[in-house]
Amino acid sequence: MRRIDCFIPYVSEVQIAQTMNNLKVENEVSRVIPIDAASFKSTEALRLMASKVEAPFVMLYTKTTVLSLGKYSLERFLSVAEDTSASMVYSDHIKEIAGERTFAPVIDCQKGALRDDFDFGSVMIFRTSAFREAVERMNDDFLYAGLYDLRLKVSQKGSLVHISEYLYYEIETDTRKSGDKLFDYVDPKNRAVQIEMEKACTKHLKDIGGYLEPEFEPVDLNVQGFEYEASVVIPCKNRVRTIGDALASALGQKTSFKYNVIVVDDNSTDGTVEVIKSFLNDPKLIYIAQDKTYHAIGGNWNAALHHPQCGKFAIQLDSDDVYYDENTVQKFVDAFYAQKCAMVVGTYRITDFDLNTIPPGIIDHKEWTPENGRNNALRINGLGAPRGFFVPMLRKINFPVTKYGEDYAVGLRVSREYQIGRIYDVVYNCRRWDDNSDASLDIAKVNANNLYKDSLRTIELLARISMNERKLKKS
């Protein structure tokens with residue numbers, strides 16, 4: 001018996017011809033069924049597939065370019081699916097760009113891997129019973145989030161198994177650098193897509209007990225004992241080209257209260273320290289030179305937070321960015337008191353090195369709402385910038401000692417208990433240039449970063465499920 005029905009996106013006969021031929025010669029393929037590419041990821045299309053499938057397994061190919069399978073790869077997919085009783089299997093693959101082939105490994109899907117852009121590759125094979133059961137539970141008619149909704153629902157009842165083998169070839173058309181892809185999910189033109197993705201994720205969190213109502217712990221901002229109302233915190237390492245701009249921006253703020261600037265240098269070797277020292281004639285500047293142990297960005301933040309002269313509120317400024325104007329610190333402190341929150345996230349403008357606006361321009365993270373931001377935080381890949389923190393609260397949490405995702409980890413943890421406030425005015429210029437830490441990463445580093453953030457989501461999701469279970473027992 002041929003055990004797989006394949007569904008592929010259809011644009012034209014010419015476009016699907018080679019993929020159709022490649023699949024039809026496979027021993028395990030029963031049928032190849034084209035589905036309109038424009039609606040391929042919609043709920044309607046998935047319902048159509050569920051009504052048409054006859055074989056015990058369903059293969060979805062999600063790209064419109066040519067798919068080629070390795071020898072006996074479908075047999076391998078099915079063997080793993082049967083051996084593990086998986087509801088879905090996916091694998092590493094090989095990408096072809098302009099005729100050149102490169103390995104494209106993917107990562108394991110954790111419980112907290114709730115990003116709607118999680119990379120399963122373009123071939124996903126589902127057990128038909130799991131596929132149909134999930135589709136039957138789809139109560140929303142999504143245009144964009146159907147496939148995302150499907151994999152979330154499948155994961156509720158079964159496992160999604162990653163095969164760490166290169167089982168197929170796909171043609172890649174998105175050749176942008178890793179840094180250029182970071183802002184796809186906050187691009188204003190994708191807003192309709194993001195609304196659907198948020199709805200699907202929120203429903204999933206409710207289904208698995210991880211959803212949090214918009215009920216927050218109160219924050220007493222009138223705590224005493226701080227000489228400074230606020231501190232601008234600048235962690236840095238080897239930023240000789242930009243640290244001067246950052247310091248000038250921070251030290252030039254106009255406020256109605258006393259503030260300082262804490263710059264934490266992590267053993268720079270490129271002249272950064274000399275630039276910092278040239279600003280020490282300003283009494284507002286506090287310079288912390290780290291020892292030779294491992295600190296990373298998170299450890300540098302902790303050094304600033306626990307400094308005896310740290311202010312009541314700590315406001316982020318990356319060492320290669322600048323504030324939008326001289327009013328940013330004032331706006332943050334005002335927002336804390338007006339919104340009575342433990343953390344505030346601002347709005348930023350993407351610029352080139354010379355501060356010229358570049359696409360996608362202004363990033364306001366409107367998906368971070370008072371009603372659902374704490375739940376949506378488990379789906380999106382970042383919480384916006386700049387970030388401000390109520391220091392007494394943050395000293396209890398601290399930053400993880402890591403150089404990537406440290407801010408996201410703290411944001412998730414804060415949002416579990418406290419309201420996160422927002423500033424929708426542009427208060428920050430975020431420079432994109434070749435020396436950004438995420439400007440152009442190879443696939444191994446991208447995967448490592450994604451795996452870490454997924455692990456943060458997993459930890460936070462499990463904590464929220466446990467918290468909800470405790471509340472139920474008390475009620």
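Is Lys-157 buried or exposed? Lys-157 counts as exposed, because its relative accessibility is 58%. The model described here is predicted.

**Salt bridges**

Lys-157 meets Glu-133 in a salt bridge, at 2.9 Å from N to O. The pair links distant parts of the chain, with Glu-133 in helix H4 and Lys-157 in helix H5, 24 residues apart. Glu-133 is partly exposed, at 24% relative accessibility. The count of salt bridges comes to 27.

| Pair | Distance (N to O) |
|---|---|
| Glu-133 and Lys-157 | 2.9 Å |
| Lys-258 and Glu-227 | 2.9 Å |
| Arg-464 and Glu-460 | 2.8 Å |

Lys-258 lies in the loop between helix H8 and strand E10, and Glu-227 in the loop between helix H7 and strand E9, so this pair ties together parts 31 residues apart in sequence. Lys-258 is partly exposed, at 44%, and Glu-227 is partly exposed, at 49%.

Arg-464 and Glu-460 are four residues apart in helix H15, which means that about one helical turn separates them. Arg-464 is buried, at 0% relative accessibility, and Glu-460 is buried, at 4%. A network of salt bridges links Arg-115, Asp-117, Asp-454 and Arg-457.

**Helix H2**

In helix H2 (residues 43-52), the buried residues are Thr-43, Ala-45, Leu-46, Met-49 and Ala-50. They fall within an arc of 160° seen down the axis, so they line one face of H2. Glu-44 and Ser-51, on the other side of H2, are exposed. The buried residues of H2 pack against strands E1, E2 and E3 and helices H4 and H5.

Conventions
Residues numbered from 1 in each chain as written. Predicted model: local features only at pLDDT ≥ 70, side-chain atom pairs only at ≥ 80, totals over all residues. Heavy atoms only, no water. Buried < 20%, exposed > 50% of the residue type's maximum accessible area, 1.4 Å probe, protein only. Helix = DSSP H or I, 4+ residues; strand = E, 2+ residues; numbered from the N terminus. Arc of directions from axis to C-beta. Contact = heavy atoms within 4.5 Å. Salt bridge = Lys/Arg side-chain N within 4 Å of Asp/Glu carboxyl O.
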